Structure formats: C-alpha cells, structure tokens
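Visitor: Hi! I'm new to this one. Could you walk me through it?
Guide: Happy to. Let's bring it up first.

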Amino acid sequence: MGMSVTISAAADQDAEQIFRLQYLCFQSEAALYGNYRIDPLVQTLDSVREEVAEDCVFVARLGEEVVGSVRGRVTEDGAAAIGKLCVHPRLQGHGIGARLLRAAESALADERGATRFRLHTGHRSESGLRLYRRVGYETVGTARGADGVPMIVLEKSAGTYAATA
C-alpha cells in the first residue's frame, strides 16, 4: 500500500529539505532561460529559514520527505505574494502543486487577511502558467526579475481561493 502526500504548514526543521528541494526543482527553470543565477538557485539556507519562521510556508510530505513547498506573505497593499512553488520532479503532474497553492491561499486569506493573490512566473514556464490559469489566476502585467528573466505577473481575488483545486 502506497503512502499519501500530505500538506501541512512548514516547521523550522523543514528548512533544509525545502532548500534542497528548491535547488533541485528550479534547475529545469534555469535551463529554460540559460540562467543558473535565478533567485531560487542563489537563495541561502539562512534566508529559507527566515521565510519559514516569518512567512506562510507550506510543504507537501511523502512520509518524512518534503516533496513540495510554497511560500506566501501579505504585502502592504493587502495582496499576498506567493512564490517558489515547487514539487519534486518525480511527483509533478499529480495535483500536489494545486493542493499546496490552495493551502497557502486559504491561510493567507483566512489568517492574514489577504484580499488578492499575486505571483510571478517566468514567461517560458508553460507548466506553471497552465496551473495558475487553471486555478483562476489572470495575467495582469509583466516584470523583469532581479536576475533579468522576463516574468508574467498573475493575480486573482482572495474570494476565489476556494475554487482552487
């Protein structure tokens, strides 16, 4: 009998697994742009620890292994900035990313008062764009990451988080 993937709030002791998973997952994203200096690949372990302590961070677990994560925080304008959604490559395509997103959206709206959700993804990140659009995000603009990668900015109302599946 196989184990189920569970979604829960991240704990301090998860930071190192999140850090390693993020490094693994964002290799393919870096390859899309020929840029291995994208933010998720140069972030420090201490910075991940700070995010786990201060932000709204969720993990997907298969047994004791962290196989997915997402982070969010409410910004000054009341929107929740969601970022660094990643799922282990061997488990992608099974709805784990959508489940992580739903958990973060729910907590950010219900516990932290977010009125909108906003995220950025690389303009060539087709699988990410498909997921975000499927769960109700709409393109609202473009930006350029600090690493120079062209980004698409997507948003949705916090009132629609319950529809995320």
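Guide: Let's start with a pair of charged side chains: Arg61 and Asp14 form a salt bridge, with their closest N and O atoms 2.6 Å apart. A salt bridge here is a side-chain nitrogen of Lys or Arg within 4 Å of a carboxyl oxygen of Asp or Glu.

Visitor: Which parts does the pair of Arg61 and Asp14 tie together?
Guide: Arg61 is in strand β2 and Asp14 in the loop between β1 (5-9) and α1 (15-25), so the pair joins parts 47 residues apart in sequence. Helices (H or I, at least four residues) and strands (E, at least two) are DSSP runs, numbered from the N terminus.

Visitor: Is Asp14 buried or exposed?
Guide: Asp14 is buried, at 3% relative accessibility. Buried means under 20% relative accessible area, exposed over 50%, and partly exposed in between (1.4 Å probe, protein chains only). Arg61 is buried too, at 16%.

Visitor: And where do these numbers come from?
Guide: This is a predicted model, where local features need pLDDT of at least 70 and side-chain atom pairs count only at pLDDT 80 or more, while totals for chains, interfaces and linings use all residues. Residues are numbered from 1 along each chain as its sequence is written, and side-chain values use heavy atoms, leaving out hydrogens and water.

Visitor: How many salt bridges are there?
Guide: The count comes to 11. Asp39, Glu51, Arg71 and Lys84 are linked in a network of them.
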